[in-house]
Amino acid sequence: MMKGSLTYIKLLGIFLILLVSCNEDRISENDFGTIKGKVVMEGTNAPLENVRISTNPFTSTVFSDNKGNFKIENVPVGEYSVGARLDGYLATFEPATVVTNLAVNVIFEMQISTANNRPPTAPELTSPAENEVLESTEVVFEWESTDPEEDPITYTLELRNDQNEDVLLFEDITEPTFTYSDLMLGAQYFWQVSAKDEYNPAVLSTVGTFKVMTAPVENRFLFVRNINGNNVIFSADEDGNEFQLTSENTNSYRPRRNVAANRIAYLQTTGAQADIYTMKRDGTDKVKVTTNIQPNGFNLNEINIAWPPTSDKIYFPSLDKLYRIRPNGQGIQLIYQTPDGSLISEIGISGNNDFIVLKTNDLNGYNIKIFTIRFNGTVIDTLISGVSGAASGLDISVTNKKIIYSYDVSEFQSSDYRRLDSRIFMYDITDGTTTDISAEKPNGTNDLDCKFSPNEAFVIYTNTSNDGISQKDVYSLEIGEEETRELLYTDAFMPDWE
């Protein structure tokens, strides 16, 4: 056979082999499957609509519906990478194996893309103002910052002072305000706020500066003012200059200064419980005194405590019992218990620790009795007993010869303990006489919370309308002298004068 014929036969054989091989690899009409699934947001599983779904190798492109579902039909069998793309989200890919006449299920959980997310604005410090001098040991920090995408912002506040090397960090603040209640008097402070969202580094404010006034430790007057629903204790001088001693975030009242200890005792409530605290005259070094046995009575606002000027004991009522305790919380003692179960609400201790004056009442605050006892419990004298109406305010003179108290002569009684005509009375222990000293008290008002002045010539007290809701103010009057009522402090009550 000729050489050319052999070559032709070989080429024909190769062609037939290739033809048979190609016919064997062809996909039949039934070699197709389906890819279906759902697209949701990572974390919340909320469905995502209009997500573009495609395959690699490419077959076709579809979009998810309003429930996040999608379906790609007539996909040749084989291995694929299925991709999900949506503006504002990171592209996501999942593997899928398509088999004949079956549907493979693919779930996409898409993350929000942070590539173009912007950080919050640098906080702008608004309060306290730059170089402001605070007249309190409490400060309310305020600032402003916004996030372009309205992402949640978390703040950190850094606080330093010029008195020591302490650096205070207050983290995870979620609102643009923060209250701090333990400033040092006379110190200069520096503060800075950082703001960050969950995607970007923190941004810093400028450094703010403020000062705290020097402590007015010589203030002789104490009183209480209600701020945003809490009682707050203030000190003041004779010129009316005031200084805040306790925080607006706690309910503190009934201040009593002890001359020997040079500290102030007071009541502070937490929920339905009251405790005795003491503090320095500048409002610092607050110490809790009571623990297991606490001051209590028919109404926590209507009970008082006593800390005689030269005594190292604080006296307080707890229902039908009278206790005393050292300022360090040690040595608590039961002094007296009422024999009839009546509640002790107010107390006064003589300066020479010779006798005690008590005001007792029933669970409603009425059926009052004011009387004096020895420390052994022996009753000495009874000032009031068996009368209707309310009484409040109780104090003993420095000479231990006079007692003052306020009593509602209208004898009105109500569930809210409202008084209609409360007047101040002075009882002379020597001759047993009682004198009304509420000279020229305006009609329709009450004189309450009475205390002797240090020289016994004056009485300091609270006056307010008998409507039970009007503002209270602190006045003084000279005992036995007409037209001497003088306004000392407005919007104030529960005074003390040492």
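Tutor: Buried means under 20% relative accessible area, exposed means over 50%, and partly exposed lies in between. The model is a predicted one, and the count of salt bridges in it comes to 17.

One of these joins Asp-354 to Arg-374, with the closest N and O atoms 3.2 Å apart. Asp-354 lies in the loop between β27 (343–349) and β28 (356–361), and Arg-374 in the loop between β29 (369–373) and β30 (379–385), so the pair ties together parts that are 20 residues apart in sequence. Because its relative accessible area is 35%, Arg-374 is classed as partly exposed, and Asp-354, at 36% relative accessibility, is partly exposed as well.

A further salt bridge is formed by Arg-225 and Asp-491, whose closest N and O atoms are 3.8 Å apart. This pair links distant parts of the chain, for Arg-225 belongs to strand β17 (residues 221–227) while Asp-491 is in the loop between β38 and β39 (493–497), 266 residues apart. Here Arg-225 is buried, with a relative accessible area of 12%, whereas Asp-491, with 30%, is partly exposed.

Lys-288 lies in strand β23 and Asp-275 in strand β22 (residues 273–280), so the pair ties together parts that are 13 residues apart in sequence. Lys-288 is partly exposed, with a relative accessible area of 43%, but Asp-275 is buried, with a relative accessible area of 6%.

Both strands are part of an open sheet of four strands, which has the order β20-β21-β22-β23 and antiparallel pairing. Since β20 (251–258) and β23 (287–288) stand at the edges, each with a single partner strand, one side of each is left without a neighbour in the sheet. In general, strands of a sheet pair through backbone hydrogen bonds, either parallel or antiparallel. Between β20 and strand β21 (residues 263–270) the antiparallel pairing runs over six bridges, and Tyr-253 stands opposite Leu-267 in β21.

Elsewhere, Asp-421, Arg-423, Asp-436 and Lys-441 are linked in a network of salt bridges. A patch of negative charge on the surface gathers Glu-440, Glu-481, Glu-482 and Glu-483. Of these, Glu-482 lies in the loop between β37 (472–478) and β38 (486–489), and it counts as exposed because its relative accessibility is 63%.

Definitions and conventions. Residues are numbered from 1 along each chain as its sequence is written. This is a predicted model: local features need pLDDT of at least 70, side-chain atom pairs count only at pLDDT 80 or more; totals for chains, interfaces and linings use all residues. Side-chain values use heavy atoms; hydrogens and water are left out. Two strands pair if DSSP finds at least two bridges between them. Helices (H or I, at least four residues) and strands (E, at least two) are DSSP runs, numbered from the N terminus. Patches are made of residues with over 30% relative accessible area and no salt bridge: like charges are joined within 9 Å, nonpolar side chains (Val, Leu, Ile, Met, Phe, Trp, Tyr) within 5 Å. Accessible areas come from the Shrake-Rupley method with a 1.4 Å probe; for residues, only the protein chains shown count as cover. A salt bridge is a side-chain nitrogen of Lys or Arg within 4 Å of a carboxyl oxygen of Asp or Glu. Lys and Arg count as positive and Asp and Glu as negative; His and the chain ends are not counted. The place of a charge is taken as NZ of Lys, CZ of Arg, CG of Asp or CD of Glu. Buried means under 20% relative accessible area, exposed over 50%, partly exposed in between (1.4 Å probe, protein chains only).
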